[in-house]
Amino acid sequence: MKLLSNILLRCGRSKVENDIMVNFLVCGTQKGGTTALDRYLREHPQICMANSKEVHFFDNEDLFRGGDPDYSIYHSNFSPTSSHKIIGEATPIYMYWQDSPGRIWRYNPNMRLIVLLRNPIERAYSHWNMERYRNAESLSFWDAIKNERKRCREALPYQHRVFSYVDRGFYFHQLIRIWHYFGEDNVLVLKSEHIKNRPQEALAKIYEFLGVDRLMVTPKVEHSIPYLSGMTDKERGYLRSVFEYEIRSLERVLGWDCSDWLRG
């Protein structure tokens, strides 16, 4: 299997510049702390992050329409120097976009993936609030989540990038899809609150996972989008019923205690 991976890796590199290969991705989840993590990783002298967050390469259907894309387009987003040990980027939708894991594997079967998971109930509301703030959403949160399936059919055969408030929170099958290609050793899964509340501890795990030196960092002050109001009891209760089985499945497969996600 290792020999096959090396052959595939060389084949992928033959199509692109031999001096660049992206080694890791922060691939999820949206509204799960990826912006803060991206900012932390940019401070590390051994890590080259993309010139800007969210490159959106492996979820770009236009680039992959004819098969494998021109990877030089991807590499133009990075400016590594001799001091950099690894190269990475953060595009949260890679976890959710169905074809992204396979595309990532074909590009680099040895890719390391970092996944931050947030309480899917809170994530859904935060996602809706962001779209409301951007004037991309006119419905109330209740109407949006109750009509999500109908609205998301507009994007078929792909996923809906805007209205997928609930659907993005079904992490279990997204993780299974990622593990299918990369195995669990190449995927680090952390709770979003770990980055927010205990950044030094979380980053120590990430640095070890990436194979770079430990670095002391200054905790980031996040500038979140203001909420006009909080979730209603009806909305929270509905989402709790939607996600309870999903959360219990995550607890079993990850060995986590997510009881606080259900209490709300």
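Are Asp62 and Arg65 buried or exposed? Select the two of them: Asp62 is exposed, and so is Arg65, where exposed means over 50% relative accessible area, buried under 20%, and partly exposed in between (1.4 Å probe, protein chains only). Before moving on, note that this is a predicted model, so local features need pLDDT of at least 70 and side-chain atom pairs count only at pLDDT 80 or more, while totals for chains, interfaces and linings use all residues. Residues are numbered from 1 along each chain as its sequence is written, and side-chain values use heavy atoms, with hydrogens and water left out.

**Salt bridges**

Stay on that pair. Asp62 and Arg65 form a salt bridge, with their closest N and O atoms 2.6 Å apart; the term covers a side-chain nitrogen of Lys or Arg within 4 Å of a carboxyl oxygen of Asp or Glu. Side chains of opposite charge can pair when their charged atoms come close. Searching the whole structure turns up 11 salt bridges.

Next, pick Asp99 and Arg103, whose side chains meet in a salt bridge at 3.8 Å, N to O. Asp99 is partly exposed at 39% relative accessible area, whereas Arg103 counts as buried at 6%.

Then jump to Arg198 and Glu201, another salt bridge, at 3.3 Å from N to O. Arg198 is partly exposed with a relative accessible area of 42%, and Glu201 is partly exposed too, at 38%.

**Helix 6**

Colour residues 100–107, which make up helix 6. Helices (H or I, at least four residues) and strands (E, at least two) are DSSP runs, numbered from the N terminus. How many of the 8 residues of helix 6 are buried? The count is 6, so helix 6 is largely enclosed by the rest of the structure.

**The largest pocket**

Centre the view on Lys31, Gly32, Gly33, Arg118 and Glu222, which lie nearest the centre of the largest pocket, out of 40 lining residues. Helix 2 (34–42), helix 7 (120–133), helix 11 (192–197) and helix 14 (259–263) are the elements giving two or more residues to that lining. The volume of the largest pocket is about 1,200 Å³. Colour its lining by class and you get 12 nonpolar, 13 polar and 15 charged residues.

**The second largest pocket**

Now select Tyr96, Glu148, Arg149, Asp167 and Phe170, the closest to the centre of the second largest pocket among the 21 residues that line it. This pocket has a volume of about 510 Å³. Helix 8 (141–146), helix 9 (148–152), helix 10 (171–182) and helix 13 (233–254) each supply at least two residues of its lining.

**Zoom out**

Finish with the protein chain as a cartoon: it has 14 helices and 5 strands. Along its principal axes, the C-alpha trace spans about 55 × 45 × 35 Å. Buried residues account for 50% of the 264 residues in the chain.

Terms used. On a 1 Å grid over the protein atoms alone, a cavity is a set of points where a 1.4 Å probe fits but cannot get out, and a pocket is an open set with protein on both sides within 12 Å along at least five of seven lines; lining residues have an atom within 4 Å of a point. Grid points are joined across faces, edges and corners, and a volume is the space filled by probe spheres set on the points. Ala, Val, Leu, Ile, Met, Phe, Trp, Tyr, Cys and Pro count as nonpolar, Asp, Glu, Lys and Arg as charged, and the others, Gly among them, as polar.
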